[in-house]
Amino acid sequence: MTAGIESRAERVAGALVRLYPRPWRDRYGSELLDLLAAAPVTPPLLLDLARGALDARLHLHQLLKGSARMTTRLRSVAITTFAAWVLFCFAASGVAKSTEDLTFAEVGHAHPAIAAGRLVAEFALGLSLAAVVVGGLPLMAGVARQAWRRRDPSAIRLLVVPPVAGAIVLAATVLLGRIRVGPVRSTVDTVAFLGWIALTAAAAAVSVLAVAASVRRSDLSVGTLRAAAWAAAAAAAAMTFGLLAGAGYGLAVWTTTPALFHSANGILATPLPATWTAALIGALVAVATADRAALRGLAELRAAA
Amino acid sequence: MGEAPGSWGRFSDPAVLIMSSLADGPKHGYAMSKDIESFAGVSLQPATLYGALARLETRGLIEALPTQERRRPYLLTTQGAGVLEAQLRALRSVAVTGLRRLATA
């Protein structure tokens, strides 16, 4: 075959590949072109491509759309659950901060039901952390492997965001712990504390956005995404359990020691019910979001089974 | 998971060949094509190979792994291994029966 005829045949092959429906080309187009580059363009190959394009249009179009939709939804489930879990941790840390006073430990000793409620809530938080780690680590390992292989600077930058944000928050925490910026509960002290909360919230938000962008742009295997959806369901169940145990703990403190419940042990010496109500609302939003995502993920897994 | 590869028309034989090729580990399209040529003597055309791959993947019998150096390897899933085993047992039964009848004819 002369060079002129060969290039014409290659052009015909390329044109036949363009006859495939877009979802098919998006998914397999580059692989097919890679294989075509290694094969001599012959009439049987051109006929095979034409039949393949027709078959893809007649039979595979809907199947591929469904498959692409499933991976997109599973990614969304993983990202949403992670964001909800971060919010849940914020709410839980608010409760933990407001109950660090020794009086709460003493109340726990006097009323075993209160101590048990707190222990169960902490255990559930630990379980949710384990689920996030088990589902999230393989996802992020896949994202990091690809970013490194492709030498993609923007993907690497996204991956660096969470550790850098964490390091900044840690440094600010250590700094605030060592330097007394003013007398306790003075205006300067209060502003410094509120600034620390704002910094932590901003670091968490930026980290969640970076993780979401990394996961969305990466080419992850369906197996990893399915495992992440199962882990998301486990995290959502643990968070639901933790919310119920935490609410039970609050109610038990309210009924057994009303004076402590109505004390000024909240964040920045505000009334405790205000802090707990804010934490409860945050946890409720987080749990509702995570449960909804988990149900979506389980429905996708069931549909694919 | 719906119908077995036996009902996929012209894609049924390529599907069994592809799953057999992946039975010993993940491979990308080009490696699969060469492997099938060496163990079955069949040269699959690219569009036939990818038509069968798409069917196998959408039915969860194989799974795409992340791209490595611009090529995407495929892995036989547990479900795919089960389907392949059933198909190969059926083929063996046909082969054994046919050979026995030829010998006694």
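Visitor: Why is the pairing of Arg27(A) and Glu31(A) called a salt bridge?

Guide: In this predicted model, the closest N and O atoms of Arg27(A) and Glu31(A) are 3.0 Å apart. The rule asks for a side-chain nitrogen of Lys or Arg within 4 Å of a carboxyl oxygen of Asp or Glu, and therefore the pair qualifies.

Visitor: How far apart along helix 2 of chain A are Arg27(A) and Glu31(A)?

Guide: The two residues are four positions apart in that helix, which means that about one helical turn separates them.

Visitor: Are Arg27(A) and Glu31(A) buried or exposed?

Guide: Both are buried. The term requires a relative accessible area under 20%, so each of the two lies below that cut-off.

Visitor: Which residue of chain B meets Glu31(A) in a salt bridge, and how do you know that the name applies?

Guide: The partner is Arg72(B), with an N to O distance of 3.1 Å. This value is within 4 Å, and therefore the contact between the two chains also counts as a salt bridge.

Visitor: Why is Glu57(B) called buried?

Guide: Its relative accessible area is 13%, and the class covers values under 20%, so Glu57(B) is buried. Glu57(B) is found in helix 3 of chain B, residues 46-58. Leaving aside neighbours within four places in sequence, Glu57(B) is in contact with Arg27(A) and Tyr28(A) from chain A, and with Ile62(B), Ala64(B) and Tyr74(B) from chain B.

Visitor: How many salt bridges does the rule find across the interface of chain A and chain B, and how many over all chains?

Guide: Four lie across the interface, while a search of the whole structure finds eleven. Between chain A and chain B there are also eleven residue pairs in polar contact, with both residues of each pair at pLDDT 80 or more.

Visitor: What makes Arg73(A) and Glu300(A) a salt bridge?

Guide: The closest N and O atoms of Arg73(A) and Glu300(A) are 2.8 Å apart. The limit is 4 Å, so the pair meets the rule. This pair links distant parts of the chain, with Arg73(A) in helix 3 of chain A and Glu300(A) in helix 10 of chain A, 227 residues apart.

Visitor: Into which accessibility classes do Arg73(A) and Glu300(A) fall, and why?

Guide: Arg73(A) has a relative accessible area of 40%, between the cut-offs of 20% and 50%, and is therefore partly exposed. Glu300(A) is at 12%, under the 20% limit, and so counts as buried.

Visitor: How do you know which class applies to each partner of the Lys27(B) and Asp24(B) salt bridge?

Guide: The side chains of Lys27(B) and Asp24(B) meet at 2.5 Å, N to O. Lys27(B) is at 15% relative accessibility, under 20%, and therefore counts as buried. Asp24(B) has a relative accessible area of 63%, over 50%, so it is exposed.

Visitor: Why is Ala274(A) called partly exposed?

Guide: Its relative accessible area of 44% lies between 20% and 50%, and therefore Ala274(A) belongs to the intermediate class. Ala274(A) is found in helix 10 of chain A, residues 272-304. The C-alpha atoms of Ala274(A) and Ala264(A), ten residues apart along the chain, are separated by 9.5 Å.

Visitor: How many helices and strands does chain A have, and what share of its residues is buried?

Guide: Chain A has ten helices and zero strands. Buried residues make up 40% of its 305 residues.

Conventions. Residues are numbered from 1 along each chain as its sequence is written. Chains are lettered from A and ligands numbered from 1 in the order in which they are written. This is a predicted model: local features need pLDDT of at least 70, side-chain atom pairs count only at pLDDT 80 or more; totals for chains, interfaces and linings use all residues. Side-chain values use heavy atoms; hydrogens and water are left out. A polar contact is a pair of N or O atoms within 3.5 Å; within protein, one must be able to donate a hydrogen and the other to accept it, and residues adjacent in sequence count only if both atoms are side-chain atoms. Buried means under 20% relative accessible area, exposed over 50%, partly exposed in between (1.4 Å probe, protein chains only). Contact means heavy atoms within 4.5 Å.
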